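Colleague: Let us go through this model slowly, one question at a time, please.

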Amino acid sequence: MFMGEYRHSLDAKNRLIIPAKFRDELGSTFVVTKGLDGCLTVYTEEQWTALVHQLEQLPTTKREVRQYVRFLLSKAVECQFDSQGRIQLPQVLVDAAQIDKKCTVIGAADHIEIWSDEKWDAYESEAGESFESVAESLTEFLR
């Protein structure tokens, strides 16, 4: 399980250090793509394969399905760590997540998310205000 919050910076070549705790769980090859809410999402190969399999089950006659699948898969890149535990993010993904230099890497149970510090701080502030009411509304699903 991925959990925790880590602050890092991109270098001039868009390389990002992934926390050692996450590197072990990710394995040697993994997938990074555009995520929801303005972040990048990182999946293990196994998780990515399962997600793609689920997407293949959706009806391609629906415009929204085609749009989501195209966007998610067209932005996806296979990544590996360099000898220093860094990954190199393509500029298109850096731009999509609006990462200037400083970013936050968070564990989100079955995947990792990479946020610009500014977006994460804004999201955390907004979501923090409604955390308890959201938790209360979700209790029916936790049984």
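Colleague: What relative accessibility does Glu5 have?
Modeller: This is a predicted model, in which local features need pLDDT of at least 70 and side-chain atom pairs count only at pLDDT 80 or more, while totals for chains, interfaces and linings use all residues. Residues are numbered from 1 along each chain as its sequence is written, and side-chain values use heavy atoms, leaving out hydrogens and water. Buried means under 20% relative accessible area, exposed over 50%, and partly exposed in between (1.4 Å probe, protein chains only). Glu5 counts as partly exposed, because its relative accessibility is 37%.

Colleague: Which residue forms a salt bridge with Glu5?
Modeller: A salt bridge is a side-chain nitrogen of Lys or Arg within 4 Å of a carboxyl oxygen of Asp or Glu. For Glu5, the closest N and O atoms are 3.4 Å apart, and the partner is Arg7.

Colleague: How many residues apart in sequence are Arg7 and Asp121?
Modeller: The side chains of Arg7 and Asp121 meet in a salt bridge, at 2.7 Å from N to O. Helices (H or I, at least four residues) and strands (E, at least two) are DSSP runs, numbered from the N terminus. Because Arg7 lies in strand E1 (residues 5-9) and Asp121 in helix H5 (residues 117-129), the pair ties together parts whose separation in sequence is 114 residues.

Colleague: Is Arg86 buried or exposed?
Modeller: The side chain of Arg86 meets that of Asp11 in a salt bridge, with 3.8 Å from N to O. Asp11 is partly exposed, at a relative accessible area of 25%. For Arg86 the relative accessible area is 15%, so this residue is buried.
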